[in-house]
Amino acid sequence: MGIYGHRGFSGCYPENTMIAFEEAESIGVDGIELDVQMTKDGELVVIHDEKVDRTTNGAGYVKDFYYNQIRLLDAGSWFDPKFSNQIIPSLSEVLAWVKGLDRKLTVNIELKTDRIDYINIEKKVLSKVYEYQLNDQVIISSFNQNSLKRVRELDPFIQTALLFIGVPANVLEEARILRVNGIHCEAQFALSIEGQKMRENGYPLRVYTVNDPSYVNALKKARVSIIMTDFPNRFLSL
(Lines give C-alpha, C1' and ligand atoms only; values in the text may rest on other atoms or scores of the structure.)
Protein backbone atom coordinates (compact mmCIF):
# COMPACT_ATOMS: atom_id res chain seq x y z
CA MET A 1 0.00 0.00 0.00
CA GLY A 2 1.61 3.24 -1.18
CA ILE A 3 1.48 6.67 0.45
CA TYR A 4 0.82 9.93 -1.41
CA GLY A 5 1.23 13.34 0.16
CA HIS A 6 -2.14 15.09 -0.25
CA ARG A 7 -1.34 18.57 -1.59
CA GLY A 8 2.16 17.64 -0.49
CA PHE A 9 2.97 17.36 3.21
CA SER A 10 0.04 19.69 3.85
CA GLY A 11 -0.47 18.82 7.51
CA CYS A 12 2.81 20.49 8.43
CA TYR A 13 3.50 22.85 5.52
CA PRO A 14 1.32 25.20 3.44
CA GLU A 15 -0.60 23.07 0.94
CA ASN A 16 0.30 22.95 -2.75
CA THR A 17 3.59 24.81 -2.29
CA MET A 18 7.06 23.68 -3.25
CA ILE A 19 8.10 23.23 0.37
CA ALA A 20 5.11 20.94 0.96
CA PHE A 21 6.08 18.80 -2.03
CA GLU A 22 9.79 18.79 -1.20
CA GLU A 23 9.22 17.81 2.42
CA ALA A 24 6.84 15.01 1.40
CA GLU A 25 9.42 13.64 -1.02
CA SER A 26 12.20 13.91 1.55
CA ILE A 27 10.45 11.52 3.96
CA GLY A 28 9.89 8.91 1.24
CA VAL A 29 6.34 9.21 -0.10
CA ASP A 30 5.48 7.21 -3.20
CA GLY A 31 3.70 10.15 -4.79
CA ILE A 32 2.23 13.61 -4.35
CA GLU A 33 -1.26 14.87 -5.12
CA LEU A 34 -1.78 18.42 -6.38
CA ASP A 35 -4.53 20.59 -7.85
CA VAL A 36 -4.41 22.64 -11.05
CA GLN A 37 -6.31 25.81 -11.95
CA MET A 38 -5.66 28.23 -14.83
CA THR A 39 -4.89 31.96 -14.87
CA LYS A 40 -6.42 34.59 -17.12
CA ASP A 41 -3.53 34.25 -19.57
CA GLY A 42 -3.72 30.46 -19.67
CA GLU A 43 -0.93 29.50 -17.27
CA LEU A 44 -1.38 26.35 -15.19
CA VAL A 45 -0.95 27.00 -11.48
CA VAL A 46 -1.05 24.69 -8.48
CA ILE A 47 -3.77 25.72 -6.05
CA HIS A 48 -6.81 23.91 -4.71
CA ASP A 49 -9.49 26.59 -4.51
CA GLU A 50 -10.99 28.52 -7.40
CA LYS A 51 -10.32 31.66 -5.35
CA VAL A 52 -7.00 32.67 -3.80
CA ASP A 53 -8.57 34.01 -0.60
CA ARG A 54 -8.08 31.02 1.73
CA THR A 55 -4.43 30.21 1.02
CA THR A 56 -2.89 33.57 0.07
CA ASN A 57 -2.92 37.22 1.06
CA GLY A 58 -4.92 38.04 -2.08
CA ALA A 59 -8.59 37.96 -3.00
CA GLY A 60 -10.49 36.88 -6.08
CA TYR A 61 -10.69 34.07 -8.61
CA VAL A 62 -7.55 32.46 -10.04
CA LYS A 63 -9.07 32.84 -13.50
CA ASP A 64 -9.09 36.64 -13.09
CA PHE A 65 -5.37 36.92 -12.30
CA TYR A 66 -2.59 37.13 -14.84
CA TYR A 67 0.26 34.74 -14.11
CA ASN A 68 2.71 37.52 -13.18
CA GLN A 69 0.13 38.88 -10.72
CA ILE A 70 -0.61 35.58 -9.01
CA ARG A 71 3.11 34.95 -8.53
CA LEU A 72 3.31 38.01 -6.29
CA LEU A 73 0.93 36.55 -3.71
CA ASP A 74 2.12 35.15 -0.38
CA ALA A 75 0.96 31.53 -0.27
CA GLY A 76 2.51 30.56 3.06
CA SER A 77 1.77 33.08 5.82
CA TRP A 78 -1.84 31.88 6.21
CA PHE A 79 -0.36 28.61 7.51
CA ASP A 80 2.52 30.11 9.50
CA PRO A 81 4.37 33.43 9.11
CA LYS A 82 7.66 31.55 8.74
CA PHE A 83 6.46 30.36 5.31
CA SER A 84 5.90 33.88 3.94
CA ASN A 85 8.38 33.20 1.12
CA GLN A 86 6.17 30.52 -0.44
CA ILE A 87 4.33 31.37 -3.65
CA ILE A 88 1.76 29.61 -5.84
CA PRO A 89 3.87 27.33 -8.04
CA SER A 90 3.27 26.73 -11.69
CA LEU A 91 2.65 23.17 -12.86
CA SER A 92 5.85 23.50 -14.92
CA GLU A 93 7.81 24.31 -11.79
CA VAL A 94 6.58 21.20 -9.98
CA LEU A 95 7.08 18.89 -12.95
CA ALA A 96 10.60 20.19 -13.56
CA TRP A 97 11.42 19.45 -9.93
CA VAL A 98 9.96 15.93 -10.19
CA LYS A 99 11.93 15.30 -13.37
CA GLY A 100 15.13 16.30 -11.59
CA LEU A 101 14.71 13.86 -8.70
CA ASP A 102 16.95 10.80 -8.52
CA ARG A 103 13.95 8.50 -8.07
CA LYS A 104 10.53 8.09 -9.64
CA LEU A 105 7.81 9.99 -7.83
CA THR A 106 4.19 9.64 -8.96
CA VAL A 107 2.30 12.89 -9.49
CA ASN A 108 -1.48 12.85 -9.19
CA ILE A 109 -2.70 15.96 -11.02
CA GLU A 110 -6.28 16.81 -10.12
CA LEU A 111 -7.99 18.97 -12.71
CA LYS A 112 -10.12 21.44 -10.75
CA THR A 113 -12.79 21.72 -13.41
CA ASP A 114 -15.81 20.71 -11.36
CA ARG A 115 -16.80 24.37 -10.78
CA ILE A 116 -14.98 26.25 -13.55
CA ASP A 117 -14.57 24.35 -16.80
CA TYR A 118 -11.32 25.93 -17.98
CA ILE A 119 -11.07 25.86 -21.76
CA ASN A 120 -8.35 23.50 -23.05
CA ILE A 121 -6.94 22.82 -19.58
CA GLU A 122 -6.73 19.11 -20.38
CA LYS A 123 -4.64 19.70 -23.50
CA LYS A 124 -2.38 22.16 -21.67
CA VAL A 125 -1.77 19.75 -18.79
CA LEU A 126 -0.93 16.91 -21.15
CA SER A 127 1.47 19.18 -23.05
CA LYS A 128 3.34 19.89 -19.82
CA VAL A 129 3.48 16.20 -18.94
CA TYR A 130 4.92 15.44 -22.37
CA GLU A 131 7.37 18.34 -22.15
CA TYR A 132 8.95 16.84 -19.03
CA GLN A 133 8.56 13.25 -20.27
CA LEU A 134 6.64 12.18 -17.20
CA ASN A 135 3.90 10.20 -18.98
CA ASP A 136 4.60 7.10 -16.91
CA GLN A 137 4.68 8.98 -13.58
CA VAL A 138 1.44 10.95 -13.85
CA ILE A 139 -2.17 10.18 -12.93
CA ILE A 140 -4.77 12.72 -14.03
CA SER A 141 -7.91 12.77 -11.89
CA SER A 142 -11.06 14.87 -11.73
CA PHE A 143 -14.59 15.02 -10.38
CA ASN A 144 -15.57 16.37 -13.80
CA GLN A 145 -16.34 13.42 -16.07
CA ASN A 146 -16.23 15.61 -19.16
CA SER A 147 -12.64 16.52 -18.31
CA LEU A 148 -11.74 12.85 -18.01
CA LYS A 149 -13.40 12.15 -21.36
CA ARG A 150 -11.36 14.91 -22.99
CA VAL A 151 -8.12 13.60 -21.49
CA ARG A 152 -8.85 10.11 -22.78
CA GLU A 153 -9.71 11.42 -26.26
CA LEU A 154 -6.41 13.31 -26.34
CA ASP A 155 -4.31 10.46 -24.92
CA PRO A 156 -5.45 6.81 -24.92
CA PHE A 157 -2.61 5.73 -22.62
CA ILE A 158 -2.12 8.29 -19.82
CA GLN A 159 -3.26 7.09 -16.40
CA THR A 160 -6.61 8.62 -15.39
CA ALA A 161 -8.79 8.28 -12.30
CA LEU A 162 -12.38 9.11 -11.44
CA LEU A 163 -12.87 11.16 -8.27
CA PHE A 164 -16.13 10.98 -6.34
CA ILE A 165 -17.69 11.33 -2.90
CA GLY A 166 -19.60 8.75 -0.88
CA VAL A 167 -20.72 5.30 -2.02
CA PRO A 168 -22.49 5.60 -5.39
CA ALA A 169 -23.73 2.37 -6.95
CA ASN A 170 -22.86 3.14 -10.58
CA VAL A 171 -19.10 3.72 -10.35
CA LEU A 172 -18.15 0.57 -12.26
CA GLU A 173 -20.32 1.56 -15.22
CA GLU A 174 -18.95 5.12 -15.19
CA ALA A 175 -15.36 3.93 -14.96
CA ARG A 176 -15.82 1.68 -17.97
CA ILE A 177 -17.46 4.44 -20.03
CA LEU A 178 -14.71 6.92 -19.11
CA ARG A 179 -11.96 4.33 -19.64
CA VAL A 180 -10.19 5.37 -16.45
CA ASN A 181 -7.42 3.29 -14.90
CA GLY A 182 -8.35 3.77 -11.25
CA ILE A 183 -10.69 5.42 -8.78
CA HIS A 184 -10.03 7.98 -6.06
CA CYS A 185 -12.53 7.49 -3.28
CA GLU A 186 -13.20 7.94 0.40
CA ALA A 187 -12.44 5.18 2.90
CA GLN A 188 -16.12 4.32 3.25
CA PHE A 189 -16.28 3.40 -0.44
CA ALA A 190 -13.10 1.31 -0.33
CA LEU A 191 -14.50 -0.65 2.60
CA SER A 192 -17.91 -1.17 0.97
CA ILE A 193 -19.18 -3.98 -1.25
CA GLU A 194 -19.16 -1.53 -4.17
CA GLY A 195 -15.52 -0.74 -3.49
CA GLN A 196 -14.52 -4.38 -3.46
CA LYS A 197 -16.44 -4.89 -6.69
CA MET A 198 -14.29 -2.19 -8.28
CA ARG A 199 -11.09 -3.79 -7.03
CA GLU A 200 -12.17 -7.23 -8.26
CA ASN A 201 -12.74 -5.69 -11.69
CA GLY A 202 -9.17 -4.45 -11.82
CA TYR A 203 -9.53 -0.84 -10.63
CA PRO A 204 -6.99 0.18 -7.99
CA LEU A 205 -8.51 1.91 -4.98
CA ARG A 206 -6.72 5.13 -4.03
CA VAL A 207 -8.26 6.58 -0.88
CA TYR A 208 -8.36 10.25 0.16
CA THR A 209 -7.89 11.95 2.65
CA VAL A 210 -6.85 9.59 5.43
CA ASN A 211 -5.16 11.25 8.42
CA ASP A 212 -5.98 8.71 11.14
CA PRO A 213 -3.55 5.75 11.18
CA SER A 214 -6.14 3.58 12.93
CA TYR A 215 -7.71 3.03 9.48
CA VAL A 216 -4.60 1.32 8.13
CA ASN A 217 -5.44 -2.28 8.97
CA ALA A 218 -8.95 -2.04 7.53
CA LEU A 219 -7.65 -0.44 4.34
CA LYS A 220 -4.93 -3.06 4.02
CA LYS A 221 -7.54 -5.78 4.41
CA ALA A 222 -9.58 -4.10 1.64
CA ARG A 223 -6.42 -4.18 -0.53
CA VAL A 224 -6.34 -0.44 -1.03
CA SER A 225 -3.50 0.55 -3.37
CA ILE A 226 -2.81 4.09 -2.17
CA ILE A 227 -3.53 6.20 0.90
CA MET A 228 -3.54 9.96 0.30
CA THR A 229 -2.83 11.87 3.49
CA ASP A 230 -1.97 15.33 4.79
CA PHE A 231 0.38 13.62 7.26
CA PRO A 232 2.47 11.08 5.32
CA ASN A 233 4.87 10.84 8.27
CA ARG A 234 2.17 9.11 10.35
CA PHE A 235 1.80 6.34 7.79
CA LEU A 236 5.35 5.90 6.55
CA SER A 237 6.41 5.27 10.15
CA LEU A 238 4.12 2.23 10.16
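Predicted model: local features only at pLDDT ≥ 70, side-chain atom pairs only at ≥ 80, totals over all residues.
Strand β2 is mostly covered, with eight of its eight residues buried.

| Strand pair | Sense | Bridges | Residues facing each other |
|---|---|---|---|
| β1 and β2 | parallel | three bridges | G5 and I32 |
| β2 and β4 | parallel | six bridges | I32 and V107 |
| β2 and β3 | antiparallel | three bridges | M38 and L44 |

β2 and β3 form a hairpin with five residues between the strands, where G42 adopts a positive phi near 85°.

The loop between β1 (2–6) and α1 (18–26) holds R7. Is this arginine, R7, buried or exposed? R7 has a relative accessibility of 15%, which lies under the 20% cut-off, and therefore counts as buried. Apart from neighbours within four places in sequence, R7 is in contact with E15, N16, A20, F21, E33, D35, H48 and R54.

**Helices α3 and α4**

An α-helix has 3.6 residues a turn, so residues three or four places apart point the same way. In helix α3 (residues 91–99), the buried residues are L91, S92, V94, L95, W97 and V98. These buried residues pack against α1, β2 (31–38), β3 (44–46), β4 (106–111) and α4 (121–131).

Helix α4 contains V129. Because its relative accessibility is 0%, V129 counts as buried. Leaving aside neighbours within four places in sequence, V129 has contacts with L95, I109, L134, N135, V138 and I158. One of these, L95, is among the buried residues of α3. V129 and L91 are separated by 38 residues in sequence and by 9.3 Å in space, C-alpha to C-alpha.

**Strand β7 and its pairing with β6**

Strand β7 (residues 182–185) has G182 and H184 pointing one way and I183 and C185 the other, and all are buried. Strand β6 (residues 159–163) runs parallel to β7 and is joined to it by three bridges. A161 stands opposite G182 of β7.

**The chain as a whole**

The protein chain comprises ten helices and nine strands. Its radius of gyration is 17 Å, close to the 18 Å that the globule rule gives for 238 residues, so the chain is as compact as a globular protein of that length. Along the principal axes, the C-alpha atoms fill a box of roughly 50 × 40 × 35 Å.

Of the 238 residues, 55% count as buried. Among contacts between residues at least 6 apart in sequence, 55% join residues at least 24 apart. The accessible surface of the chain is about 10500 Å², and carbon and sulfur atoms account for 47% of it. The chain carries 27 positive and 32 negative side chains, and the centres of these two sets lie 4 Å apart.

Note on methods. Residues numbered from 1 in each chain as written. Heavy atoms only, no water. Helix = DSSP H or I, 4+ residues; strand = E, 2+ residues; numbered from the N terminus. Rg over C-alpha atoms; globule rule 2.2 N^0.38 Å. Buried < 20%, exposed > 50% of the residue type's maximum accessible area, 1.4 Å probe, protein only. Contact = heavy atoms within 4.5 Å. Areas by Shrake-Rupley, 256 points an atom, 1.4 Å probe, with all protein chains shown as cover. Lys, Arg positive; Asp, Glu negative; His and termini not counted. Charge placed at Lys NZ, Arg CZ, Asp CG, Glu CD. Pairing = 2+ DSSP bridges.
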